[in-house]
Each structure stands twice: as structure tokens, then as C-alpha cells.
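Please open the model in your viewer and keep the sequence panel beside it. The stops below are given as selections, each followed by what is to be found there.

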Amino acid sequence: MRNLKFFIVFVVLALMSLLGARQAAQAASDSTTPYYTSIEGLMPQGSITMQCEGEVREIQNTITGLEKTTQSVACDGVHLRLTFTPSLVGHPSKGYAAYAELVSPRGALSYSLWTYADPSQATVAGQQWRTNFRALAQGNYDVTEQSDTFVMKGKDELGLPWWGRVAQNGNRLVVIKVSALPRVSSPPASAADMEQWITNLKPENEATTQTFFEETSRSIEDKFFGTR
Amino acid sequence: MTEEAHTGSATGNPVSISGHGRIKIRWFKLLALLVLLLAAVPEGVGAQGPQPLTPPQPMSWANFSPQNWEYVDGGHWLAVWSASNCYNQHYTPGDWQTCGSGYGCISNWTWWLSNPSKLGVPSTWRSVWPGAQTLNNYIATCYFN
């Protein structure tokens, strides 16, 4: 009887040790393999004029007496905060967001990577992102849509093109947006010339920016969906 | 103090100090402890009666520039003031420069929130127009507490 008790205690201790070792190995693996691609990993440092990126944190705000939660990345050095509302992203267990402005061809890149407790939450958030992208577009837009991917080309309020992509893999969701901007030129000196100036706004290099969007999307997704 | 005063008595009774009347050492120790405790209490804690009220800070309206940018849901730019109830927004290099934003001139732009005050700034105009990313180029009248 006494031997049996010792045996049971031994087995329980052995199991606990095994579980602990497994969890430690998992934690070490998670900390050494980032699930995200940083902006530096996508383009050389000199090609960016402004950037903000980091893991999102849940922030509690009291707005007009109501407690509201947002997912947020604060970049105090550039006086910029990237925020995401729960009505769009839901309640992810983990997130990473980035924003950068590109020198040449001129453009803006923003992306966010989200991990949810289960795939159904990622699907709901993915649908909300699709709706959000459609709402951002002015006038006509092109969409290529499947159950797990959504690619869109739209135009902004000044007629400049942008591309959006939403991709899901299990409980993970990637959202990417790239805008093509014109080369910096002298602005009009008076209000009378403003309309002409707007009419002449053209992206610096639309084709190159589109290629950048496609390659960047592939690179971010390969890493995010490839690491477990 | 005498030798007798230092050693005390074996029975635990207070010992008299000769030449100083009837002061008991036990009461002297208690008094000393009380003095030390009172000295250690921070000023104000032990003060009696109502504290004088701090005069109310003046609340007033003044012109302020926003403190930082907020990029919301991957598509909207907001200029964020640390003050509240802002209105009468202007672009200091000249309001006319905002009129090519695609959303009208700055006076027509939408305030997203009043406290803290957040003004929607058209995304592409912000990226394209020289000086549009400089927070100090914006000003509004806000309630400052």
C-alpha cells in the first residue's frame, strides 16, 4: 500500500515536470521566433520617411462617461498612435501593427497581424475589414474575393490608387494597405490654382507600387502564417 | 541618574529618581515615545480642523495646436488635442491650402470626438500637401482645464 502511494506521487511529479519542460520550450520558441515582419524586414531603412510599429496593447479609455477599449500602438517619438476599434478587430489575443511612408516611389504602407482565440473570431474580423475597405474607396473599385482572401484596388478622395488585402489562415488574420502617392511637387501659390493642381496629381509610379504591394503581402503572410 | 535608576527594581515597580520629585521612569518613557511619534507624523496629518481649500484653477478658452496624430482602423487620420470641446479650427499657413483636400476646406472637416478633441484630417491631402503633417500648423479654440 505504501509503495503504491509512493508510485502515485512519483508519477504525478514526473508528469508535472514533463508539462513544465514542454511549456518552457514553447515559450522559448515563441520568444525567439517573431510571428511578425517588421518594417525593416520589408525595405531598407533609407527608403522610409516615417514609421511606427509594435505589438498592439489594449487601452481602456473613458469617453463621455463610457468605458471604451481600443487596440493601440503608441509611437511617442513621432507623435503617432495607431488605433483599432473593437467594432472592427473584435477581441484578438495578440496583434501587431505598422505604418510607414515610403520615399520612392512615394507611397504609404500599413499592415496589421491578428491572432484570435479561435478561427470563427478571425473570420468575423476579416469580414469587417472587407466592409471597412469597401467603405474607404471613393467611386468604383475592383475586388477579387475568396473565402480566405480579399484583394481590392480602390481610389481615394483625390483619385489616387490604393490596394487592400485581407487574408485568413485558421485563427490568424493579416490586413495590408498600400497607397500610391505623387512625387512631392510645388503646391499652388493661390486658391485659384488649386483645382488645376488636384487634377494633375498622379502617382509617382503606380505599377511599381502595385508590385511592392504584392511582394510585401506575400512576404508578411509567408512569415505570419508559417510560424506557429 | 543614580545607579538605582538605571537598574530598576526586581519587582517591576517604577523606580523613583532621587532629587526630581515623584517622576516615574515608566511614565517618562511613555512620554518620550509619544513625543517621538508626534515628531515622526508628517505635517498636516495631525492637523486639526478643515484644510484650507486650494483655490480653483482657472478654466478658460484659448487657441491650441494638437499634440499628436492618430491613425484609426488603417484608414483615417485624426489630429488629437489634449484639450476639450475644440472648435474654430484653422490651418495656420492659410486655410485656403486645405480646400483641395477632397473634403472641402478645414472649417468643414469633422470633429470625431470632443474630449479629448479629435479632428479628422483627409488622408491623402495630409500625405501630399507640404506642411500638412506638421501638428503646429493646426490650431483650434479649446476649453482648457
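Begin by selecting Leu80(A), which, leaving aside its neighbours within four places in sequence, is in contact with Met50(A), Cys52(A), Val73(A), Ala74(A), Cys75(A) and Tyr99(A), and also with Trp69(B), Glu70(B), Tyr71(B) and Trp77(B) of the other chain; contact here means heavy atoms within 4.5 Å. Leu80(A) is also among the residues with the most contacts inside the largest nonpolar core, together with Leu82(A), Trp114(A), Trp129(A) and Tyr138(B), and this core has 53 residues. The element that gives the most to this core is α3(A), with five residues. A nonpolar core is a set of buried Ala, Val, Leu, Ile, Met, Phe, Trp, Tyr and Cys residues joined through side-chain atoms within 4.5 Å, where buried means under 20% relative accessible area, exposed over 50% and partly exposed in between, with a 1.4 Å probe and protein chains only. A second, separate core of 23 residues can be selected next, with Tyr35(A), Tyr96(A), Ala98(A) and Phe224(A) among its members.

Before going further, note that this is a predicted model, in which local features need pLDDT of at least 70 and side-chain atom pairs count only at pLDDT 80 or more, whereas totals for chains, interfaces and linings use all residues. Residues are numbered from 1 along each chain as its sequence is written, chains are lettered from A and ligands numbered from 1 in the order in which they are written, and side-chain values use heavy atoms, with hydrogens and water left out.

Now colour by chain. Chain A has five helices and 10 strands, helices (H or I, at least four residues) and strands (E, at least two) being DSSP runs numbered from the N terminus. Of the 228 residues of chain A, 42% count as buried, and residues 24 or more positions apart account for 54% of its contacts with a separation of 6 or more. Chain B has three helices and seven strands, and of its 145 residues 34% are buried; here residues 24 or more positions apart account for 60% of the contacts with a separation of 6 or more.

Next, select Thr83(A), which is found in strand β4 (residues 80–84) of chain A. Is Thr83(A) buried or exposed? Its relative accessible area is 5%, and Thr83(A) is therefore buried. The side chains of Thr83(A) and Glu70(B) are joined by a polar contact of 3.0 Å; a polar contact is a pair of N or O atoms within 3.5 Å, of which, within protein, one must be able to donate a hydrogen and the other to accept it, and residues adjacent in sequence count only if both atoms are side-chain atoms. Not counting residues up to four places away in sequence, Thr83(A) touches Gln71(A) and Ser72(A) in chain A, and Glu70(B), Tyr71(B), Val72(B) and Asp73(B) in chain B.

Move to Gln89(B), in strand β4 (residues 84–91) of chain B. Gln89(B) counts as buried because its relative accessibility is 6%. Its side chain reaches the backbone oxygen of Ile106(B) at 3.1 Å, and the side chain of Gln89(B) also makes a polar contact with that of Trp111(B) (3.1 Å).

For contrast, select Ala135(A), which lies in helix α3 of chain A and counts as exposed, at 62% relative accessibility.

The largest pocket holds about 560 Å³, and its lining has 29 residues, with Glu157(A), Gly75(B), His76(B), Pro122(B) and Ser123(B) nearest its centre. On a 1 Å grid over the protein atoms alone, a pocket is an open set of points with protein on both sides within 12 Å along at least five of seven lines, a cavity is a set where a 1.4 Å probe fits but cannot get out, and lining residues have an atom within 4 Å of a point. Grid points are joined across faces, edges and corners, and a volume is the space filled by probe spheres set on the points.
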